[in-house]
Amino acid sequence: MSLTQKTINFISKECNCSLTGKTVLITGANSGVGFKTAETMIYLGAAVIMACRNQKKAEEARDQLLADYPAADIKIMTLDIADLSSIDAFVKVLPEVDVFVNNAGIFHHPHQLTKDGFELIIGTNYLGTYYLCEKVLPVIEKWNREVVYINTISIVHRSAHVNLEKFYSNRNAYSRSKLCLARYTNHLIEKYKDSNIKIYMNHPGISATPIASSIFGGLHTLAKIFPINSAEKSSLSVAWILANEVPVGSVVGPNKFIAGGWGYPEINKKCRRASQDIEPLLEFSAKEISRVHS
């Protein structure tokens, strides 16, 4: 379960920093890229907060990490981004952190709804994350410390289209949710450019995780033939951002092979459509939240 020698070598060469004394909060940290992000943060010396919906799975993940890093400082917080009331409760007890990574997301749950009645994929990946950011960032802005804030998008946002009149269509819901998140994050980058918050986007590329396997098929088989990232390799974007002088507002992730699907992290060219039609999306999002949640 511990980091591979290739990963350790990459961290030593490209992410050579100490996070001792820093606290990193990661949503959806109990599996996949989120779990491996937690591990790389622990390896670099950070205290880690795992903000997860399923507490049993979070505890199991923490036990796995402690088996390899017995001195690690790992805490668990309850957060379900598909439940606006859970987000409210989470923000009320949020401790000060140095890094906040919005990693949690889902892919294939057609025709299901969130607790608040939104289509589940859009309601989790975009509206839930939107609401979390809207609640968390004003709190962070009051802290007397610099905070790195990272929203996780996906390379598939580049092929998405947003029609606000058909916002909750199940067709291409995942890619659409990530394009919405990219547009919203570009708004946040501008809004908080003169604050203590440094905002970035990252993406995992095509990674052998349950979400990516749902999108692209049998990745574990394809990985034997094509260059496809492991969850561990895809998790290195956060460490790379923290260790290097990455311009605020950058998109960081694999940038090799098929449209940025593979490789170690680097700065990616921003998608043009992620900078378009932001204001209508913001107005729509605020109305949708106020419609179901006061």
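Trainee: Where in the chain does H157 lie, going by strands and helices?
Mentor: This is a predicted model, so to speak of local features we need pLDDT of at least 70, and side-chain atom pairs count only at pLDDT 80 or more, while totals for chains, interfaces and linings use all residues. Residues are numbered from 1 along each chain as its sequence is written, and side-chain values use heavy atoms, leaving out hydrogens and water. Helices (H or I, at least four residues) and strands (E, at least two) are DSSP runs, numbered from the N terminus. On that numbering, H157 sits in the loop between strand 5 and helix 6.

Trainee: Is H157 buried or exposed?
Mentor: Buried means under 20% relative accessible area, exposed over 50%, and partly exposed in between (1.4 Å probe, protein chains only). H157 has a relative accessible area of 5%. That is under the cut-off, so H157 is buried.

Trainee: And what is H157 in contact with, leaving aside its neighbours within four places in sequence?
Mentor: Contact here means heavy atoms within 4.5 Å. With those neighbours set aside, the partners of H157 are S175, K178, L179, A182, C271, R273 and A274.

Trainee: Which residue of strand 6 stands opposite V147?
Mentor: Two strands pair if DSSP finds at least two bridges between them. Strand 5 and strand 6 (residues 197-202) pair in the parallel sense over six bridges. In that pairing, V147 stands opposite I197.

Trainee: What is the bridge partner of V99 in strand 5?
Mentor: V99 belongs to strand 4, residues 99-102. Strand 4 pairs with strand 5 in the parallel sense, over four bridges. In strand 5, the partner of V99 is V148.

Trainee: Which are the edge strands of the open sheet?
Mentor: The sheet has eight strands in the order 3-2-1-4-5-6-7-8, and the pairing is mixed. An edge strand here pairs on one side only.

Trainee: How is helix 6 set against helix 11: what word describes their angle?
Mentor: Axes are lines fitted to C-alpha atoms, for helices over the stretch in contact, and angles run from 0 to 180 degrees between N-to-C directions. Helix 6 (residues 173-191) and helix 11 (residues 278-292) pack at about 100 degrees, with axes 10 Å apart. Under 35 degrees counts as roughly parallel, over 145 as roughly antiparallel, 65 to 115 as roughly perpendicular and the rest as oblique. So helix 6 and helix 11 are roughly perpendicular.

Trainee: Which residues of helix 11 make that contact?
Mentor: The helix 6 side brings C180, R183, Y184, N186 and H187. Facing them from helix 11 are I278, L281 and L282.

Trainee: What about helix 2 and helix 10: how do they lie to each other?
Mentor: Their axes come within 8 Å and cross at roughly 40 degrees. T37, T40 and M41 of helix 2 meet L236, V238, A239 and L242 of helix 10. Because of that angle, helix 2 and helix 10 count as oblique.
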